[in-house]
Amino acid sequence: MVGATALQLDPTAVANSINTVWVLVVSFLIFFMQPGFALLEAGQVRAKNVGNVLMKNMTDWALGVLTYFVVGAGLAGVVAALTSGSALDVMGAFSYVGSAGSWVSWVFGAVFAMTAATIVSGAVAERMDFKAYVLFVVAITAVIYPTVQGLTWAGGLLSGPTPNGTGGFIGSAIGVGYLDFAGATVVHMVGGLAGLVGAKMVGPRKGRFDGNGNSQPIPGHSMLLAVLGTLFLAFGWYGFNVGTQATVLSASDGSLTFMGGALGQVVLNTTLGMGAGAVAAMIVSASWQGKPDPLWAANGLLAGLVAVTGAVPHVTWWGALILGALVGALVLPTFRWVVDSLKIDDVCGVFVVHGSSGAIGTILIPVFGVTATGGYTFLGVDQLLMQVVGVIVIGVWTVIATMVAFKIAGAIWGLRVSEEEEELGLDESEHGVSVYPEFVAGGSREGPTVSADGGLAEEVSDD
């Protein structure tokens, strides 16, 4: 009788295999945010501009991933070295190109970069020249976002001191590292600020403001698409946040440990943040406009998600609730400030959802800190200072770099289409297509609107 032989497994190899597959799966989930963005933005523009929005979203992904592979990911490593005092190794920074062992982690990084790029298209919708937009996609995936990645996650300027004495210049000076777990500022604030700057530089859509400078609603064509896009994004966000907790199994002393507690905290705080954001926005919209608005609730849901994205492993569950509710309540008044005071036509409200919400949620992380056992702790004045400094550094870089990119695009092609092309619709004038041929005759007649307030980021008349 042949005795059975026990199967010998290396716990570290098993853990690494499971964790790698986990990273792949969540990368696919994050990619699913792309159709979410496409639906969300398409629903908020007029029928004659839907095809242009879809084309921009596909360009964000297709051109963006190629640019990030050839330039962006490597530049992040270069920036990290230059701003941390580490030895500069350009070949090492770009070694992922020929290293099969790095390709999975590169894909995980790429889907984050594409999210930052995609956010911008919603702010400049319905009037930006497509060629100019293409150049900006290259700029944000090659330089703008990778620089922020290098300053933070790659170990650069804002990273805290390490046991071997290395660390970012600012992080080492303050004594702590910048906290942004899954990109509330590194990804979302970058996209939101870039969108705000772009919308300002491109200028408002024709008819957005009257002769006295008062805002006029321009209704989007489909509440259904906008809300479906919101829910698609919420689904993909679980990959965004929970996926960043990349260690599912941990190997130590020859045994395997399931990291269920860490995963549970991240998924709980993600869920509570989005729920609180939606409810708070619903309450504020009901008070402000007289009735609860489903599109403002959707806006609040996304804002709540952004606010907790950087915080999910660092704050208590009730901290996540407060962060989500706070930014959800601020969605409508902040949008009014952008439109009425700044006179910026941010079509999809990307600044309030991604920009301000990401900054607020990240700055307040130390106020709602969590201990290893789930209790409450204040993370310290140094950490609070680091959060403020980090938001300022990332914000200043993003604004300046975006202005330069748009200036270059404007000098080459001009930032926006002609008045005739805008009136006809960008589907017809830029792409020669009609997404709704039964409703849009020759691209000049719009389909029916569905919302009195005109889309996720539009408002009812103040009258």
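Buried, in this talk, means under 20% relative accessible area; exposed means over 50%, and partly exposed is in between, with a 1.4 Å probe and protein chains only. By that cut-off Glu126 counts as buried, because its relative accessibility is 1%. I will come back to Glu126.

First, what we are looking at. This is a predicted model, where local features need pLDDT of at least 70 and side-chain atom pairs count only at pLDDT 80 or more, while totals for chains, interfaces and linings use all residues. Residues are numbered from 1 along each chain as its sequence is written, and side-chain values use heavy atoms, with hydrogens and water left out.

The overall picture. The protein chain has 16 helices and 2 strands; these are DSSP runs, H or I of at least four residues for helices and E of at least two for strands, numbered from the N terminus. The radius of gyration is 23 Å, close to the 23 Å from the globule rule for 463 residues, so the chain is as compact as a globular protein of that length. That radius is taken over C-alpha atoms, and the rule is 2.2 Å times the number of residues to the power 0.38. Along the principal axes, the C-alpha atoms fill a box of roughly 80 × 60 × 45 Å.

Of the 463 residues, 53% are buried. Contact means heavy atoms within 4.5 Å. Among contacts between residues at least 6 apart in sequence, 77% join residues at least 24 apart.

Now the salt bridges. The structure holds 7 of them, each being a side-chain nitrogen of Lys or Arg within 4 Å of a carboxyl oxygen of Asp or Glu.

Back to Glu126. Which residue does Glu126 pair with in a salt bridge? The partner is Arg46, with the closest N and O atoms 3.0 Å apart. Glu126 sits in the loop between α5 (103-121) and α6 (130-151), and Arg46 in the loop between α2 (33-44) and α3 (50-82), so the pair ties together parts that are 80 residues apart in sequence. Arg46 is buried, as is Glu126.

A second pair is Asp345 with Arg205, where the closest N and O atoms are 2.8 Å apart. Asp345 is in the loop between α12 and α13 (350-363), and Arg205 in the loop between α8 (184-202) and α9 (223-242), so this bridge ties together parts that are 140 residues apart in sequence. Asp345 is buried, with a relative accessible area of 2%, and Arg205 counts as buried at 2%.

Through shared partners, salt bridges join Arg46, Glu126, Arg205, Arg208 and Asp345 into one network.

Next, backbone angles. Most residues other than glycine have a negative phi. Glu126 has a positive phi of about 80°, although it is not a glycine. Lys343 also has a positive phi, near 60°. Lys343 is in the loop between α12 and α13 and counts as partly exposed, at 35% relative accessibility.

Last, Thr334. Buried or exposed? Thr334 is buried, with a relative accessible area of 15%. It lies in helix α12, residues 317-341. Leaving out residues up to four places away in sequence, Thr334 touches Phe351, Val352 and Ser356.
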